[in-house]
Each structure stands twice: as structure tokens, then as C-alpha cells.
Amino acid sequence: MPWTRSTGILRALVELIFELKLYHVYTILMNYLHVLILGIVEGLTEFLPISSTGHMILVAKLMNLADTPFLETFEIVIQLGAILAIVVLYFKKYWASLTGNWELIKKLIVAFVPTGIVGIVLYPLIKGIFLAS
């Protein structure tokens, strides 16, 4: 059977890693596996009406990943990738709807200004509550 050959090769590789005490190689492989799993979770839950961030945090906890600054940065960067993909995908549509449509531009500015002011005013409070460590 074809999969037994690949399973045997994988098993031999893992045995060789432990025999030669190349644990750091095994750790690197596991880190890539963690990244792959978290990326799949982000991709599957990003467009659902549920929290993709919450699911990534839960999966990270289930995999016993330490809550490190690297993990927090990874969770932010992977979401930036999803946002960038949407912007690239819909850029022409957004640009076409904004070109010459001054009413829409005015509405966007009116919607943004209060949100920006509230964000600037409440930033220290939000940072103190949610990012205190």
C-alpha cells in the first residue's frame, strides 16, 4: 500500500531526529504545524459571523501554546492578511463606487470622524482594561 511507505519514511525521520538529538528540528516542524493549523482556523472562520480571533485563541489553548508576544503578534498579522486579501479583491469595486460619488464620500467622512474621536478619547481606558498585563 502506498501510504505505508510514506508512513515508514516519516517514522524513520522522527526516530532519526530523536536518535541524533536534533530536538530543535522537531520543534521547528511542530511550530510550522501550529502555524498551519492556526492559519486554517483563521481562513475557515474569517467569513463566518463568528469570531475568528476567538477561535484562534481557543485552538492555541487546545494545542497548549504559550501565550507569548509572538503568538499575539501572529494573531494580528494573520488577520491583516485576511483584510488585505479583501481590499485587493474588491479594490476596483470600491474605487468605482467612490469615483465621482461625492455623497458617498461625505457619508464615509461623517461616519469616520465620530468613530475616530471616540477611539482616540477611549484608547487609554481600553488599553488599560484589555491589554493590561
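The following exercises, each with a worked solution, concern the model shown above.

The model is predicted: local features require pLDDT of at least 70, side-chain atom pairs count only at pLDDT 80 or more, and totals for chains, interfaces and linings use all residues. Residues are numbered from 1 along each chain as its sequence is written, and side-chain values use heavy atoms, without hydrogens and water.

**Exercise 1.** Determine which residues make up the largest nonpolar core and which elements give two or more residues to this core.

*Solution.* A nonpolar core is a set of buried Ala, Val, Leu, Ile, Met, Phe, Trp, Tyr and Cys residues joined through side-chain atoms within 4.5 Å. Buried means under 20% relative accessible area, exposed over 50%, and partly exposed in between (1.4 Å probe, protein chains only). The largest such core has ten residues: L38, V41, M56, V59, A60, M63, L65, L71, F74 and I78. Two or more residues come from each of α2 (23–45), α3 (52–62) and α4 (69–98); helices are DSSP runs (H or I, at least four residues), numbered from the N terminus. Beyond four places in sequence, V59 touches I37, L38 and V41, where contact means heavy atoms within 4.5 Å.

**Exercise 2.** Characterise the aromatic pairs found in a search of the whole structure.

*Solution.* A pair of aromatic rings is described by the distance of the centres and the angle of the planes. Rings of Phe, Tyr and Trp (its six-membered ring) pair if their centres lie within 6.5 Å; planes under 30 degrees apart count as stacked, over 60 as edge-to-face and the rest as tilted. Y90 is partly exposed at 36% relative accessible area, and Y94 is partly exposed at 44%. F91 and W95 form a stacked pair, with 6.1 Å centre to centre and 15 degrees between the planes. F91 and W95 also lie four residues apart in helix α4, about one helical turn. F91 is partly exposed at 47%, whereas W95 is exposed at 56%.
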